[in-house]
Amino acid sequence: MLEEQGQNYAEFIKGLWKENPVFVQVLGMCPMLAVTTSAVNALAMGGATLFVLVGSSLFVSLLRKYIPKQVRISAYIIIIATFVTVADLVLKAVAFKVHKELGAFIDLIVVNCLILGRQEAFASRNGVKAALSDALGMAFGFAIALFCLGAVREIFGAGQLFGVSLFGDSFQPWQIMLLPPGGFIMLGLILLFFNQMKARKEARLQLAQEGPVKS
Amino acid sequence: MSLEETLDKKKEPSSFRLVITLTLIGLCSGAALAAVYVKTKPMIDANKAAFLEEKLVEIFKGQTIVTQKLIPADGKMVVAQSGDGSPGVLAVYTADGKPLAYGLIGKGQGYAADGVELLFAYDPIKEVVVGMRALDSKETPGFGTKMGEEPFQSNFKALSFKKKVVLVDFGKKSAAHEVDAISGATVTSAAVVDAANNVRDKWLPRLPKPGSEPAFQKKAIASEGEE
């Protein structure tokens, strides 16, 4: 029992950091670059993706023994598309203006390879609890990544965060931050940071393996 | 046939099972979507109406206005039933129910693939547009927002609809039916003019003659929309 809980916890944590879908696996780049022009948009997209990923992982895991492998991809796509359409309608009903900002990108969650990837690689091979832990971890990891990029782009591109002005009127916004090139540049810098960290960690591990250097 | 091949063949599910699985999943998905659609439709319609009304309240700042949707039926414009999603115009009335203007919605092709969707407030007596707001725009940030700012907005304080609207270079506007382009955002400006001409062609011949507008039927929803 305890071991199972520990396992689920590990599945959850890995998506946040070690196997972060954006920073480590570099998945879901289309929404990552397209909708992260503000922190609110990034959070809304993160929320919608979380709903779709958790919902579809639950159903794929529940139905994994009944879906023949020959039609599994079609079945997963139907399940994912259902959740995406529900997310689209609900967002339109409860947060109309945010939906207007996100536009077609909510519909495009269907083709986010992160979602289908998790179904194929994890939910279809594991029990419900593990699948949910994995989906939650990956979705939160994705949302955190979206938020990081969205917040930075909003701060520099519009001089504000969550619509609250940070630098006063004298700030000249960096327009490029709100345009696709700004997204690429920021994402590049963030990935650089993550790769740098990974390289340092590996170097430290290697050093530790080699043992203390005797002088 | 080797033993392995025979075993493999046994493991293969029949085509019938494949079809049934996908059909069942499809049916469940359809049923779930239908339920969510029915549940959310009234909320989405209310949001859309409130959004449009908010834009009209912005244009007619300082006046209390009420609106109702009119749709074309049997060659004239009639008041739409609530929840009617067919395209129409928003008739704007003063608080005491006097017809004031129409909110006309049109699309123009801009730089982005989706084009821009705009709302024009049209005064049928003076035959001029008295305000314009962007409803949906995926134009380049910075260019798109210029649609909502001066000096471009001042084009729409009294833009004549008597003649086809024409786009001219910035600062060259000399007639009431001309629109000064946003300097450096000609494509976006052209999209706005395109949308203006679209609504002009589509709705002007259909609008009721001044004096024969349908009376206001709903209670003030302007205040509800702002809540």
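Predicted model: local features only at pLDDT ≥ 70, side-chain atom pairs only at ≥ 80, totals over all residues.
1. Chain A has 8 helices and 2 strands. If you walk along the sequence, the order reads α-α-α-α-α-α-α-β-β-α.

2. Next, the overall dimensions. The C-alpha trace of chain A spans about 70 × 60 × 30 Å along its principal axes. Of its 215 residues, 40% count as buried. Contacts in chain A also reach across the sequence: among those between residues at least 6 apart, 76% join residues at least 24 apart.

3. Now for the inside. Which residues touch the most other members of the largest nonpolar core? They are Ala48(A), Val52(A), Ile79(A), Ala87(A), Phe142(A), Leu146(A) and Leu149(A), in a core of 48 residues. Two or more residues each come from helix H3 (39-62), H4, helix H6 (113-121), helix H7 (128-158) and helix H8 (180-210) of chain A. The top contributor is H7(A), which gives 13 residues to this core.

4. Leaving aside residues up to four places away in sequence, Val52(A) touches Ile80(A), Phe83(A), Val84(A), Ala87(A), Ile109(A) and Ile115(A). One of these partners, Ala87(A), is also listed with Val52(A) among the core residues that touch the most other members.

5. How do the two chains meet? Here 23 residues of chain A are in contact with 22 residues of chain B. On the chain A side, the elements giving two or more residues are helix H4 (72-94) and helix H5 (96-102). The largest share, 11 residues, comes from H4(A). By residue type, the side of chain A that touches chain B divides into 14 nonpolar, 7 polar and 2 charged.

6. Finally, a word on confidence. The model scores ipTM 0.79 and pTM 0.77. For chain B the average pLDDT is 80, and 85% of the residues score at least 70. Where in chain B is confidence lowest, and where is it highest? The lowest mean, 42, belongs to helix H4 (residues 222-226) of chain B, while helix H2 (residues 15-59) of chain B has the highest, at 91. Over residues 220-227 of chain B, pLDDT stays under 50, and the model has 16 contacts beyond four places in sequence for that stretch.

Technical notes
Residues numbered from 1 in each chain as written. Chains lettered and ligands numbered in written order. Contact = placed C-beta atoms within 7 Å. Helix = DSSP H or I, 4+ residues; strand = E, 2+ residues; numbered from the N terminus. Nonpolar A, V, L, I, M, F, W, Y, C, P; charged D, E, K, R; others polar. pLDDT = per-residue confidence, 0-100. Buried ≥ 20, exposed ≤ 12 C-beta atoms within 10 Å, placed from the backbone. Core = buried A, V, L, I, M, F, W, Y, C linked by C-beta atoms within 7 Å.
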